[in-house]
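Q: I have just opened this structure and would like a guided look at it. Could you take me through the main points?

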Protein chains: 2
Amino acid sequence: MPNIGIVGSGIAGLHLGLYLRKHDIPVTIYSDKTAAQLAEGRLLNTVAHHRTTLDRETELGVDHWDLDEYGYFCNHHYIGGPSPMYFRGDFPTPSRALDYRVYLPRLAQDFEERGGTLAVRPVTPNNIVELSDQHDLMVISTGRAGLGAMFGRRADKSPYDAPQRNLAVGLYHGVTYNDPKGLSLSVSPGHGELLEIPMYSHEGHVTGLLFEAIPGASDLNELRDTRYDEDPAAFEKLVLAKLQAHFPGVFERVDPTRFSVTRPQDVLQGGVTPVVREDYTRLPNGKYAIALGDAHMTVDPMIGQGANTASFSAFTVGEAIVEDLGFDERLCLRIANRRAGHLMSAADWANFMVRREPAPHLLELFARMNEDDRVCRDVVDNFNFPERQWDIMSTPERTRAYLASFAA
Amino acid sequence: MPNIGIVGSGIAGLHLGLYLRKHDIPVTIYSDKTAAQLAEGRLLNTVAHHRTTLDRETELGVDHWDLDEYGYFCNHHYIGGPSPMYFRGDFPTPSRALDYRVYLPRLAQDFEERGGTLAVRPVTPNNIVELSDQHDLMVISTGRAGLGAMFGRRADKSPYDAPQRNLAVGLYHGVTYNDPKGLSLSVSPGHGELLEIPMYSHEGHVTGLLFEAIPGASDLNELRDTRYDEDPAAFEKLVLAKLQAHFPGVFERVDPTRFSVTRPQDVLQGGVTPVVREDYTRLPNGKYAIALGDAHMTVDPMIGQGANTASFSAFTVGEAIVEDLGFDERLCLRIANRRAGHLMSAADWANFMVRREPAPHLLELFARMNEDDRVCRDVVDNFNFPERQWDIMSTPERTRAYLASFAA
């Protein structure tokens, strides 16, 4: 029976750990936090799980949050500019957004209850080899503490050397959910985007507002540069002003008297430099280490692919471990091959969406989503299938061929 | 509707052409031979179709040869040496070996009857671009006329620069089939191998004998060097002598009074230099050409992977064409990704089997096939699944892990 070591207790590490326990494979997750500590601290992200990720959660038996209460049912789109557009894409089945300080501790508890070992200790590239002596294979699922740099940066898939959006994200009271309850994606041309996410957190049902400001002249950059911690009330006032000026479709559902950040630790300001790293590396003792989740790739959060692709990737790694006979380079190459289409499409698509000037064929696609509900639902469902999405968006010719297929 | 051009009318080109016609896609096969001419000429090969290839033929509607009459049911193995071994691996469903001068013309007829265009004309690298102007995508399925060299040789997958076996293959009368009817694979240690294939040809039910002589000191090299055409009777006598000396398990079923080559054109002598080439190339006019079948890879015929992997590859290309929206590099990379595991495993496995000294873990595996029918059937069925086969054989550790799984 193989024995697997996983570094990192985010969704990637926990989904893989739970997958392997489901197949009775001994597994240790190394984390710098206990399950209780995972529940504390600053907001980690504002992640939505799409339906294929929820299917994986059902398969893992960690579907603890009933969709009638915690789910949402569609994406609302507000495209600003001289001729504003609003269109809605309904999902075949719901999505769900949970604060990871609620989500991760519960999964860590599941993992331990099912015989997984959660070893709380710091891990750095310097002690990976020592840990790997106790395992057949190491999986590195966090990029922190220099662990990402164990894997070479893939220049062919990493077109940027800085964040393409300045981010300001927080959890808020005082925003009435859209009807039907859904995530909204709003575009303020030339300035950036807003994701409004119906989330469940320690404070109950709240709203995640993720502002994505285009670096440079965008009026939204103040939201990253005005530090919430220095003057919370001024920050909240600034958010309201930006909503009113750039995202009226969201602003109209805000009750200014109730509007506030939920707790001081529920705000994050910064940015993500997108990167794709090599799939695996050979350690000095001959063992292999697989890159997973943030250690393997990071994307701007605009299209919600980071956590969902990390979960997909965790299952790909888990399936290969369960099926295969060895823990050698052949296994690593098989994993790389199987996840390449999905993951590289997500990376390419995310990098395409954060261009400072949107591609004309993306605007063509938006216009058709606005006109034709079949197109809208299909594109929205493709958030589950980044390979299909990038098939549609990667060139103008492909977008046109795709749109023509609806006429036929 | 896309329009596909295929160069070459072997199994790869015809299976792809028929697949595309099944999906109503316009397709032209360029061949230097008419369907009638395909029925003539020298023996092309002695190919057996394994059950997954037969499943593809059923899907294509070209299953014209009833398995009760044309099929065979197992592999017989004779391993010579100081302690000879005989063991038999039964198939879950039959295989079938047809002379390609019977098989290909019938499929070419099917192709034309189903609306495919068979354009008889010579094609060289010089007129590919001109042809490609009339198509969305070109698929090159023959390596002849310099067409293989359109695609770069992959040094990482092409370990040899000369044939690893000298081949002498012919169709014969006078060999009684094994019972149950099956292909036999015999090993004469230090000299080479014999494949005995129950085939159907223009002369009816005959036997293909494919001698694989290890270059150098092997006593079997005479079979390649003694030219059949110069003295047919002497050649037949030599074959009998080599059967008696090296392959007694086959020789005992030969009736010397009836033993003869079926027709003068039914003998081939030579060798194959294994090579893997790049998956695709971009033509000067911006169109893409995909390598398929012999244009993509050639393997020694010992393990019968050439035609079967060509058929698999044709379906992979066909599926990608039917599903995808564009005829660009993304399509080519998708095809490369999807077929890599199967095809590269077949190439690596074939190159492993033609080593001059067999790997010790291969001999271990043979010994266990001899002892344990479950192992034998499984390895024999893996001729359909080269990726699984190479999972088992690629390292001694994997072979041992595989064999241990039967003890558990």
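This is a predicted model: local features need pLDDT of at least 70, side-chain atom pairs count only at pLDDT 80 or more; totals for chains, interfaces and linings use all residues.

Q: In what order do the strands of the open sheet in chain A come?

A: The order is β5-β2-β1-β6-β15-β14, six strands with mixed pairing. Strands here are DSSP runs of E with at least two residues, helices are runs of H or I with at least four, and both are numbered from the N terminus. Two strands pair if DSSP finds at least two bridges between them.

Q: Which strands stand at the edges there?

A: They are β5 (117-120) and β14 (280-282) of chain A; each has a single partner strand, so one side of each is left without a neighbour in the sheet.

Q: How do β2 and β5 of chain A run, and how many bridges join them?

A: Strand β2 (residues 27-31) of chain A runs parallel to β5(A), with 4 bridges between them. A:Ile29 has A:Leu118 in β5(A) as its bridge partner.

Q: Which helix lies across β2 and β5 of chain A?

A: Helix α5 (residues 100-113) of chain A does, at about 120° to β5(A). Angles run from 0 to 180 degrees between N-to-C directions, and axes are lines fitted to C-alpha atoms, for helices over the stretch in contact.

Q: Moving to chain B, at what angle do α13 and α15 pack?

A: Helix α13 (residues 373-381) of chain B and helix α15 (residues 396-407) of chain B pack at about 130°, with axes 10 Å apart. They are therefore oblique to each other, a class for angles that are not under 35 degrees (roughly parallel), over 145 (roughly antiparallel) or 65 to 115 (roughly perpendicular).

Q: Where does UniProt place a domain in chain A?

A: An unreviewed UniProt entry places "domain: Styrene monooxygenase StyA putative substrate binding" at residues 143-253 of chain A. Such annotations may be inferred rather than shown by experiment; feature names are shortened and positions use the numbering used here. Over that stretch the chain is 21% helix and 32% strand.

Conventions:
Residues are numbered from 1 along each chain as its sequence is written. Chains are lettered from A and ligands numbered from 1 in the order in which they are written. Side-chain values use heavy atoms; hydrogens and water are left out. Contact means heavy atoms within 4.5 Å.
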